[in-house]
Amino acid sequence: MIEILADIHERASGVAERLRLLGWAVQERLLESGDYVMGGAIVGVERKTTGDFAASLTRGRLFPQLAQLRQTVERPLLIIEGSHAALDRLHPNAVKGALVSINTNALILEPLCVCIICATP
């Protein structure tokens, strides 16, 4: 069975507990980068709510976090979840540009997979 490491800062999200209920082996610890790591250092997940994505983008934290994740794991994954309404304070082109930049950053050889899960407001 693949072990999932969950960052201790993710406890409040309830994701680790839901994964346990589904039968996954989840250990919580302080991770160097990302919120979840699976298969040793094969897959790393940075989980953002839409509000956190917007705040991380405007405060300049998003790209350094993702660059560190890309250096730490083989297959980085960004999951953005929540209502698209949380992104309304950003210009649509800023969001589109950020997502394109995340996937085409010339300094990173491996593309980053982005999964966006939006709930209706």
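These are my notebook entries on a predicted model of one protein chain.

**Ground rules.** I number residues from 1 along each chain as its sequence is written, and my side-chain values use heavy atoms, with hydrogens and water left out. Since this model is predicted, local features need pLDDT of at least 70 and side-chain atom pairs count only at pLDDT 80 or more, while totals for chains, interfaces and linings use all residues.

**Overall layout.** Helices (H or I, at least four residues) and strands (E, at least two) are DSSP runs, numbered from the N terminus. Along the sequence I read the pattern β-α-β-β-β-α-α-β-α-β. I then checked burial: 36% of the 121 residues are buried. Here buried means under 20% relative accessible area, exposed over 50%, and partly exposed in between (1.4 Å probe, protein chains only). Among contacts (heavy atoms within 4.5 Å) with a separation of 6 or more, 64% come from residues 24 or more positions apart.

**Helix 3.** Which residues of helix 3 are buried? I noted Leu62, Leu66, Leu69 and Arg70, in a helix that spans residues 62–72. They sit on the same side of helix 3, because they cover an arc of only 100° around the axis; that arc is taken from the directions from the helix axis to the C-beta atoms. An α-helix has 3.6 residues a turn, so residues three or four places apart point the same way. The buried residues of helix 3 pack against strand 4 (43–49), helix 2 (50–58), strand 5 (75–83) and helix 4 (92–104).

**Helix 2.** I listed the buried residues here as Thr50, Phe53, Ala54, Ala55, Ser56 and Leu57. Their cover includes strand 4, helix 3, strand 5 and helix 4. Just after helix 2, I saw that Gly60 takes a positive phi of about 80°.

**Arg47.** I found its salt bridge with Glu10, where the closest N and O atoms are 2.9 Å apart; a salt bridge is a side-chain nitrogen of Lys or Arg within 4 Å of a carboxyl oxygen of Asp or Glu. Glu10 lies in the loop between strand 1 (3–7) and helix 1, so the pair ties together parts that are 37 residues apart in sequence. Glu10 is buried too. Beyond four places in sequence, Arg47 touches residues including Ser13, Tyr36 and Ile79.

**Salt bridges elsewhere.** I counted 8 salt bridges in the structure. Arg11, Glu17, Arg20 and Glu28 are linked in a network of them. Within it, Arg20 meets Glu17 at 3.5 Å and Glu28 at 3.0 Å, N to O. Arg20 and Glu17 are 3 residues apart in helix 1, which means about one helical turn separates them. Arg20 is partly exposed at 30%, Glu17 at 42% and Glu28 at 28%.

**Ala41.** I found Ala41 in the loop between strand 3 (36–38) and strand 4. Ala41 is partly exposed, with a relative accessible area of 38%. What does Ala41 contact beyond its neighbours within four places in sequence? I noted Thr72, Val73 and Glu74. Ala41 and Arg75 are 34 residues apart in sequence, yet 8.3 Å apart in space, C-alpha to C-alpha.

**Leu22.** Leu22 is exposed, with a relative accessible area of 67%.
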